[in-house]
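The following paragraphs lead through selected features of the structure shown here. Please keep the sequence and the coordinates in view while reading.

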Amino acid sequence: MQKKFSTQLIHTGDKFAPSVSYSKTIPIVQTSVFAFDDVESLEQVYDGSAGGHIYTRNGNPVHDALNDIVSGAEEGEAALSYSSGMAAISLSIIAQVKAGDHIIAANVLYGGSFQFIKTELARFDVSVSFVDTVRESINPYFRPNTRAVYVETISNPMMEVINLQAIAETTHRHGAKLIVDNSFATPVICQPLLLGADIVVYSATKYLGGHSDVTAGVVVSDRENIDRIYTSGLLFGPTLSPFDAWLLVRSLRTLELRIRQHSLNALKLAEYFAGHPQIKTVYYPGLPSSPTYNVARRLFHNDLFGGMLSIDLAGGEHHAYELLRLLETVKFVPSLAGVATSTSYPAKTSHRALNDDELQKAGISKGLIRISTGLENIDDVIEEFDKTLGKIGKKQ
Ligand SMILES: *Cc1c(COP(=O)(O)O)cnc(C)c1O
């Protein structure tokens with residue numbers, strides 16, 4: 001019988017199935033929910049005896065593809081992806097603690113992570129000790145109720161690399177878990193799980209995505225931790241859209257190529273700045289002048305040190321503002337890791353919550369500019385910086 005108009009609109013193409021040929025790329029499974037032929041099939045998916053999906057907040061085939069790629073790259077057992085880096089970070093920490101617990105965290109962290117640990121966790125009676133993990137041992141800060149240690153592979157904006165192996169060893173001696181934000185390094189440069197970390201978290205918004213068009217987060221760990229985080233994630237609910245997961249799958253195909261080029265470009269740019277009279281200090285872990293150069297050499301793969309560097313202008317705040325204003329293709333962008341080289345001003349962006357005293361303690365001067373090196377031919381970027389530096393401090 002011919003179905004009526006609205007029924008046709010709703011049911012035509014119901015059993016969309018490929019023939020002997022199939023999509024070369026993974027399809028975007030843009031659905032909030034999955035259909036079953038009978039109750040038995042639903043039961044089988046719930047109890048795990050059959051593969052399948054139920055509801056996209058619980059999981060989606062595009063999430064699976066993304067999670068498999070990232071956990072494979074990290075050599076972890078499993079991964080989960082969320083709608084932002086902060087979702088992956090907050091869930092990874094929440095899954096480890098309860099009221100009355102204590103954690104240790106690096107004193108220099110991404111602003112959102114710092115705020116989450118300091119203010120949100122405090123509301124749930126989880127206390128924190130912030131430690132300079134580059135210069136100090138974390139050992140004296142452990143308490144009987146310390147459950148986790150939270151650090152970043154490369155600190156922002158001073159680009160210092162922490163000794164993950166030593167920190168992992170101390171953390172495990174006290175029966176706690178080490179959580180590492182590896183967003184600046186990516187698994188191309190550093191694989192924290194292989195150095196002893198328990199959980200690796202990502203703002204996939206940055207290099208995993210790499211094109212400044214997706215907001216997402218990923219966490220990689222062993223099965224047990226992932227199961228715990230999964231339960232929290234299911235209930236807090238920061239679900240990644242299937243389309244954004246698909247964009248990340250596409251991005252990850254070229255991760256190694258991109259990170260290699262970001263790193264080679266950043267090293268050349270850092271070397272150029274190191275010889276420039278208007279630059280007081282260059283902060284880049286790949287320069288032998290970096291206080292953590294040797295740690296980086298030991299922990300990082302293939303002598304790659306990432307795309308992020310900072311420069312301290314001898315002319316201070318005034319010259320920094322002028323440089324940001326006069327650069328042309330290099331845009332002032334309060335984020336990082338895109339294909340185009342961009343700048344940021346930590347004192348007014350990532351670290352604007354700090355007062356002058358705290359800024360000084362963190363080494364963030366008013367002349368400090370952070371640079372996210374892109375994938376251009378770096379000679380053009382160097383020429384642009386050179387021309388622009390030549391103009392600043394002069395009457396126009
Ligand atoms: C951007 C960033 C985050 C936060 O990620 P979102 O995707 O913005 O939520 C966390 N850690 C680091 C190191 C970052 O750069």
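Phe5, Leu9 and Ile10 form a nonpolar surface patch with about 400 Å² of accessible area together. Accessible areas come from the Shrake-Rupley method with a 1.4 Å probe, and for residues only the protein chains shown count as cover. The model is predicted: local features need pLDDT of at least 70, side-chain atom pairs count only at pLDDT 80 or more, and totals for chains, interfaces and linings use all residues. Residues are numbered from 1 along each chain as its sequence is written, and side-chain values use heavy atoms, with hydrogens and water left out.

Patch residues have over 30% relative accessible area and no salt bridge, with like charges joined within 9 Å and nonpolar side chains (Val, Leu, Ile, Met, Phe, Trp, Tyr) within 5 Å; a salt bridge is a side-chain nitrogen of Lys or Arg within 4 Å of a carboxyl oxygen of Asp or Glu. Isoleucine 10 belongs to helix H1 (residues 5-11). Because its relative accessibility is 60%, isoleucine 10 counts as exposed (over 50%; buried is under 20% and partly exposed in between, 1.4 Å probe, protein chains only).

Helices (H or I, at least four residues) and strands (E, at least two) are DSSP runs numbered from the N terminus. Alanine 73 lies in helix H3 (residues 61-74) and is partly exposed, because its relative accessibility is 29%. Alanine 73 touches Pro187 and Gln191, not counting residues up to four places away in sequence; contact means heavy atoms within 4.5 Å.

In helix H8 (residues 223-236), the buried residues include Ile226, Ile229 and Leu234. The buried residues of H8 pack against, among others, strand S1 (78-82) and helix H4 (85-94). Just after H8, glycine 237 takes a positive phi of about 85°.
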